[in-house]
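I opened a notebook for this protein and wrote down what I looked up, one topic at a time. The entries follow in the order I made them.

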Amino acid sequence: MRSLNRAAQSLYITPQGLGKTINRLEEELHVKLFDRSARGLIPTKSADYLYGRGRELMFLLQEITLEMNRLQEDEKKIKIGYSCGAMRLIPVDDLEKHLAEMDSVSLEWVEGFNDEIEEKLLQGETDAVFMTTASGSPAAESRKIFSRRLCAVVYEGHPFYECDSVTMKDLEGETLITLSEKYQTYHLVQQRCQELDFVPSIHIRTMESSLIYMLVSQKKGIGIDVDIHDNYVHYPVRMITISDSIPWTLYAVCLKHRMNDPILADIIDFADKTVNEGHHSISQEVKHG
């Protein structure tokens with residue numbers, strides 16, 4: 001923060017107390033941690049190194065504490081985090097039935113946006129999470145379990161309605177309807193359009209995917225969504241694959257030291273099988289139905 005006062009305030013301690021802590025660290029480690037300059041307190045290379053490795057040690061200590069607490073419990077309580085939308089692919093009921101076959105294992109779950117459930121994982125509040133981005137934390141490991149390209153949701157009468165597929169460039173200038181920036185699909189659209197050197201005309205952003213289909217049926221624009229549910233069968237619209245879109249991907253994520261935990265490994269394998277077999281069955285029903 002480049003300021004002893006601001007840093008102390010964010011830590012809810014006095015500047016004098018923080019200054020003494022830094023002095024003790026410098027004496028114990030025999031290094032200088034900060035240089036004073038017109039720009040404030042600047043961390044030295046030694047401080048940067050200590051900060052990076054210190055975070056690793058904090059994660060390791062947290063892992064040890066969590067594992068000891070887990071071993072002490074008679075009943076294994078598995079806590080799963082779901083990114084918004086993931087529950088459509090891995091229903092809680094299916095996971096509970098699967099875990100019921102194991103002795104003394106119960107399920108707790110929470111749903112949230114990617115950053116929220118990743119934070120819960122890193123803080124030890126969940127054992128594993130299903131999210132639509134890979135974790136950027138060095139303490140976590142991500143396994144891709146499902147991936148699909150985005151689709152354009154098109155109303156009857158639109159020039160694209162009879163197309164088998166479209167490209168993202170085809171959508172330049174079209175009025176688009178997407179989920180809000182809280183969802184990964186919005187960022188995938190923005191990223192791909194930026195690569196193609198144009199700004200998408202997103203006129204409506206919603207928190208409910210079902211609203212995309214309703215608004216498209218009212219000819220408010222073209223929707224962008226992932227083909228993971230059956231919302232579109234209730235409206236006179238078509239799902240058309242965007243052939244060059246960045247795929248929407250679902251990851252199973254847990255802390256690295258838990259990746260080989262037999263129960264978590266079993267849950268992730270079950271989720272992988274459920275997602276891919278379940279989606280294939282739904283696709284076949286829609287195709288032939």
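**Entry 1: the model**

I noted before anything else that this is a predicted model.

**Entry 2: the five-stranded sheet**

Five strands make an open sheet, and their order is β4-β3-β5-β13-β6. The pairing in this sheet is mixed. I wrote a reminder beside this: strands of a sheet pair through backbone hydrogen bonds, either parallel or antiparallel.

Which strands stand at the edges of this sheet? They are β4, residues 105-112, and β6, residues 140-148. Each has a single partner strand, so one side of each has no neighbour in the sheet. From one strand to the next, the twist averages 20°.

Strand β5 covers residues 128-131 and strand β13 covers residues 248-255; the two pair in the antiparallel sense over three bridges. In this pairing I found Val129 opposite Val253 of β13.

Helix α5, residues 92-100, lies across β3 (76-83) and β4. Its direction is at about 160° to β4. Helix α6, residues 114-122, lies across β3, β4, β5, β6 and β13. I noted an angle of about 165° between α6 and β5.

**Entry 3: the six-stranded sheet**

I found another open sheet, made of six strands in the order β8-β12-β7-β11-β9-β10. Its pairing is also mixed. The edges are β8 (165-166) and β10 (201-206). Each of them has a single partner strand, so one side of each is left without a neighbour in the sheet.

How many bridges join β7 to β12? I counted five bridges between strand β7 (residues 150-155) and strand β12 (residues 237-242), and the two run antiparallel. Val153 stands opposite Met239, which is in β12.

Helix α8, residues 209-217, packs on this sheet and touches β7, β9, β10, β11 and β12. The direction of α8 makes about 150° with that of β11. Helix α7 lies across β7, β9 (175-179), β10 and β11 (222-226). It runs at about 170° to β10.

**Entry 4: salt bridges**

I searched the whole structure and got twelve salt bridges. The general idea is that side chains of opposite charge can pair when their charged atoms come close. I looked at some of them.

Asp269 pairs with Arg143, and their closest N and O atoms are 2.9 Å apart. Why does this pair tie together parts that are 126 residues apart in sequence? Asp269 lies in helix α9 (residues 262-288) while Arg143 lies in strand β6, so the bridge links those two parts. Asp269 counts as partly exposed at 40% relative accessibility, and Arg143 is partly exposed at 29%.

Arg192 forms a salt bridge with Glu195, with the closest N and O atoms 2.9 Å apart. Both residues lie in helix α7 (residues 184-195), three residues apart, which is about one turn of the helix. Is Arg192 buried or exposed? It is buried, because its relative accessible area is 17% and the cut-off for buried is under 20%. Glu195 is partly exposed, with a relative accessible area of 47%.

Glu172 and Lys169 form a salt bridge as well, with 3.1 Å between the closest N and O atoms. Glu172 is partly exposed at 40% relative accessibility, and Lys169 is partly exposed at 39%.

I also recorded a network of salt bridges that links Asp127, Arg258 and Asp261.

**Entry 5: a nonpolar patch**

I looked for nonpolar side chains on the surface. Leu25, Leu29, Val31 and Leu50 form a nonpolar patch there. Together they have about 260 Å² of accessible area. Leu25 sits in helix α2, residues 15-29. Leu25 is partly exposed, with a relative accessible area of 33%.

**Entry 6: Gln9**

Gln9 counts as exposed because its relative accessibility is 60% and the cut-off for exposed is over 50%. From Gln9 to Leu29 is 20 residues along the chain, and their C-alpha atoms are separated by 25 Å.

Methods. Residues numbered from 1 in each chain as written. Predicted model: local features only at pLDDT ≥ 70, side-chain atom pairs only at ≥ 80, totals over all residues. Heavy atoms only, no water. Pairing = 2+ DSSP bridges. Helix = DSSP H or I, 4+ residues; strand = E, 2+ residues; numbered from the N terminus. Axes fitted to C-alpha atoms, helices over the stretch in contact; angles between N-to-C directions. Contact = heavy atoms within 4.5 Å. Buried < 20%, exposed > 50% of the residue type's maximum accessible area, 1.4 Å probe, protein only. Salt bridge = Lys/Arg side-chain N within 4 Å of Asp/Glu carboxyl O. Patch = residues over 30% accessible without salt bridge, like charges linked within 9 Å, V, L, I, M, F, W, Y side chains within 5 Å. Areas by Shrake-Rupley, 256 points an atom, 1.4 Å probe, with all protein chains shown as cover.
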